[in-house]
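Hi,

Here is the structure I said I'd pass along.

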Amino acid sequence: RVPTPSTMIFVWAAAAATAATAARGAASVPPCRSGETPSADGTTCDATSAATCTYDTPPALTTINPPALLEGEVGGAGALSVQVRHALTTRRRVTSIVLNEAVAACNYPGANWAKATRDADAAEARCLDVYNATVPLGTAYVASAGDTRAEQLAAGGCGLVRTEDDAYVNLDGYATVTFEDELAPLRDGGAVEVRTTSSVLRFRLRFVKQATVDTTVSVWADARLLSALTAQRWLPDEQRGEVDVTTSLQYPFVVANASIASDTADGVASAVPVDVNPVTQCTGPATADDTPQCRQVWRVHLTPNATTCELDGQYVLRVTLGCYDTSGYDAATAAAVDAACALGDTRDIELTLSVDSENYCAVVEETVGIDVSLAPYASFDAVNFNFG
């Protein structure tokens, strides 16, 4: 009897094809029996299954060990890969595995098929005959032809039919496996009876149309310095002025140093940093702040020289960019921050401050006068010192 056709689903794998360890079927010898494989030169069939392997003997009225496709043994780079297998069977010979009778490259025995034996192991309880196919995809499916089986067969392909859905492009096909089991003679002295069986094995090659890749990416922009002159004052007791410059950099960059580079003002300037506290003034990625930043305040002391009483003019404040201390972070975050800083800015940036001040030496004077007049009196009381 002919076993009922079965359908197996195969998934395309874009991995390098594994080199066949058994010799491929050769036309110089008939297909080998169960438990045998072709020799390296293809001239003989050699027993290659282990001595411990057992064979099943087919009864006269019962078919056994039909071939099957092995799900999961699929791969190859640009190839149709399938594997047909059956348990070791006494005096069995698989005579052909056909996808397209007119194209030798599709069929066993042929250059794109290899027969091997597999001994029983932890993964497989039985000793097996295994037939591996690796047919170039350009041979198996002719892209320039139509998508019906008849059109593919006529174009020299292996009869694969192309279909498509939302997730996959599918290539459907089937292989007809024909094998012979030698039976004992029905009567003493009679001829050996040969049972011929054909099995149809269906398969589907599935090409995934899209894939989702999840990953976490940390992106760090180049340092962008924002600044503002936020305070200007004169300290009369100390006879000097001060201006405060507030800087803001996106995390993880900070201003590492600041100094007056030059000035075109009447005063003599010196820069002194104050209120620099990255622990409290820098907000990093672990906080809920929507705009992580490092905010710092730099105070510039302006001392006028002996010939002027004003601080008017321009002062160039040079700041050096650096990176926030990552010692308090976990290793992964610290590594990401350090990498960003290594690729980021460590350059100097110059900020021009324009100061317009009053004259601190000017004194507005106002003289308060006294009106004096003499008044005549008729009498004077000397005792009481009173004019009358």
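Tyr 174 has Arg 202 as its bridge partner in β11. That pair belongs to an antiparallel pairing of β10 with β11 (residues 193-208), joined by 16 bridges. Before you go on, keep in mind that this is a predicted model.

The link from β9 to β10 is a hairpin through 3 residues.

Now for the inside. Which residues have the most contacts within the largest nonpolar core? They are Leu 80, Val 84, Ile 97, Leu 99 and Trp 113, in a core of 26 residues. Two or more residues each come from β5 (79-87), β6, β8 (128-136), α1 (137-140), β10 and β11. β10 turns up again here, giving the largest share with 4 residues.

Leaving out residues up to four places away in sequence, Val 84 touches Pro 67, Ala 68, Leu 69, Ile 97, Trp 113, Asp 129, Val 130, Tyr 131, Val 177 and Leu 201.

There is also a second, separate core, with 23 residues. Ala 223, Leu 249, Leu 302 and Tyr 360 are among them.

Cheers

Methods: Residues numbered from 1 in each chain as written. Predicted model: local features only at pLDDT ≥ 70, side-chain atom pairs only at ≥ 80, totals over all residues. Heavy atoms only, no water. Pairing = 2+ DSSP bridges. Core = buried A, V, L, I, M, F, W, Y, C linked by side-chain atoms within 4.5 Å. Buried < 20%, exposed > 50% of the residue type's maximum accessible area, 1.4 Å probe, protein only. Contact = heavy atoms within 4.5 Å.
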